[in-house]
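Thanks for making time this morning. Please have the viewer open. I will go through contacts and then pockets.

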Amino acid sequence: MARLNSDGSLLVEAGSQDLGTGTYTIMTQIAADGLGVPVERVTFRLGDTRYPETPVSGGSQTAASTGSAVHLATRALREKLVQMAISDSASPLHGAATPDVVLEDGRVYLRGKSSQGETLQSLVFRTGQPYVESVSDAKPGEEAKKFSGFSFGAQFAEVRVDADLGQMRVSRMLGVFAPGRILNPKTARSQFLGGMVWSISFALYEQTVYDERLGRVVNNNLAEYHVPTNADVGDLEALWVDEVDEHISPIGAKGIGEIGNTGGPAAIANAVYHATGVRVRDFPITLDKLL
């Protein structure tokens with residue numbers, strides 16, 4: 001749901017979640033870009049079942065699904081506002097052709113003649129209503145049956161193994177990804193690096209131990225369920241290929257929530273094999289499996 005208030009501010013609501021992945025940030029940016037208003041004029045709300053329904057934040061799908069719905073809602077609102085302007089006799093754009101109307105930076109004006117226009121605030125204010133809104137949804141179309149829409153990546157790992165003790169340290173990792181359109185480079189890089197950290201955790205540390213008699217987890221605490229600390233993480237670098245996949249979603253984005261973790265454990269296992277000649281087939285790779 002996208003709602004332009006009479007004070008010129010934009011409110012967007014979607015029943016999504018932010019798990020620390022930057023959903024608040026990218027949805028605000030998508031909304032500002034879709035309508036043509038400054039990002040500081042946008043409020044994005046999530047985390048409430050009263051808001052329009054969205055998928056769960058899993059399967060690397062939030063940006064492509066919820067982001068597409070936000071984009072479509074703001075574009076629909078944009079078209080509604082353009083039609084309001086050209087049909088309003090009090091508007092400087094009255095009678096203009098739809099393709100000649102530009103909506104940018106919180107203003108609606110005639111293409112090639114920016115002085116002939118007005119603010120969105122004045123356009124909505126004249127309606128006498130508190131706001132103008134649009135609601136849109138996004139769902140897979142026929143293209144989902146014709147194209148594969150996965151993100152891709154290649155990962156490289158350098159692992160140092162103590163020849164006497166078998167202790168392993170991941171000294172360097174490089175990941176290069178092709179995840180569709182990058183909506184925010186800063187949050188995207190954080191997601192990639194986070195996935196690479198957890199690939200170290202996957203390969204070398206994490207293991208759930210069950211009681212064979214009762215089936216209960218016996219290491220259900222962070223003292224015995226091991227995860228990497230800062231000292232366990234070496235030099236990480238994440239790069240990506242700039243691309244826009246017009247088949248996967250209206251905004252050209254795929255997903256990056258999990259691709260940062262996908263190839264890392266295998267790369268670490270291959271590096272351990274290269275260093276020791278021991279091929280370990282089950283995770284985590286612990287020193288007793290090398291001695």
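Let me start with a question: is Glu 133 buried, partly exposed or exposed? Glu 133 has a relative accessibility of 27%, so it counts as partly exposed. Keep in mind that this is a predicted model.

Glu 133 has a partner. Its side chain meets that of Arg 3 in a salt bridge, 2.9 Å from N to O. Arg 3 sits in strand E1, residues 2-5. Glu 133 sits in strand E7, residues 131-134.

Let me pick out a few. Arg 213 pairs with Asp 211, with the closest N and O atoms 3.7 Å apart. Look at the two ends of that pair. Arg 213 is exposed, at 74% relative accessible area. Asp 211 has 17% relative accessibility, so it counts as buried; the cut-off for buried is under 20%.

Next, Lys 254 and Asp 245. Their side chains meet in a salt bridge at 3.6 Å, N to O. Both Lys 254 and Asp 245 are buried. There is also a network of salt bridges, and it links Asp 88, Glu 118 and Arg 126.

Now the rings. The structure holds four aromatic pairs. Take Phe 177 and Phe 192. Why is this pair called stacked? The ring centres are 4.4 Å apart and the planes are at 5 degrees, so the pair is stacked; the cut-off for stacking is under 30 degrees. Phe 177 lies in strand E9, residues 168-178, and Phe 192 lies in helix H4, so the pair ties together parts that are 15 residues apart in sequence.

Phe 202 and Phe 283 form an edge-to-face pair, with 5.2 Å between centres and 85 degrees between planes. Phe 202 is in helix H4, and Phe 283 is in the segment after helix H6. They are 81 residues apart. Phe 202 is partly exposed, at 40% relative accessible area. Phe 283 is partly exposed too, at 35%.

Strand E2 and helix H5 each supply at least two. By class, the lining has 19 nonpolar, 16 polar and 10 charged residues.

The second largest pocket has a volume of about 430 Å³. Of its 27 lining residues, the closest to the centre are Thr 21, Ala 63, Gln 191, Ile 256 and Gly 257. H4 gives the most here, with three residues. H1 and H2 each supply at least two. The classes are nine nonpolar, 15 polar and three charged.

That is the tour. I am happy to take questions.

Definitions and conventions:
Residues are numbered from 1 along each chain as its sequence is written. This is a predicted model: local features need pLDDT of at least 70, side-chain atom pairs count only at pLDDT 80 or more; totals for chains, interfaces and linings use all residues. Side-chain values use heavy atoms; hydrogens and water are left out. Helices (H or I, at least four residues) and strands (E, at least two) are DSSP runs, numbered from the N terminus. Ala, Val, Leu, Ile, Met, Phe, Trp, Tyr, Cys and Pro count as nonpolar, Asp, Glu, Lys and Arg as charged, and the others, Gly among them, as polar. On a 1 Å grid over the protein atoms alone, a cavity is a set of points where a 1.4 Å probe fits but cannot get out, and a pocket is an open set with protein on both sides within 12 Å along at least five of seven lines; lining residues have an atom within 4 Å of a point. Grid points are joined across faces, edges and corners, and a volume is the space filled by probe spheres set on the points. Rings of Phe, Tyr and Trp (its six-membered ring) pair if their centres lie within 6.5 Å; planes under 30 degrees apart count as stacked, over 60 as edge-to-face and the rest as tilted. Buried means under 20% relative accessible area, exposed over 50%, partly exposed in between (1.4 Å probe, protein chains only). A salt bridge is a side-chain nitrogen of Lys or Arg within 4 Å of a carboxyl oxygen of Asp or Glu.
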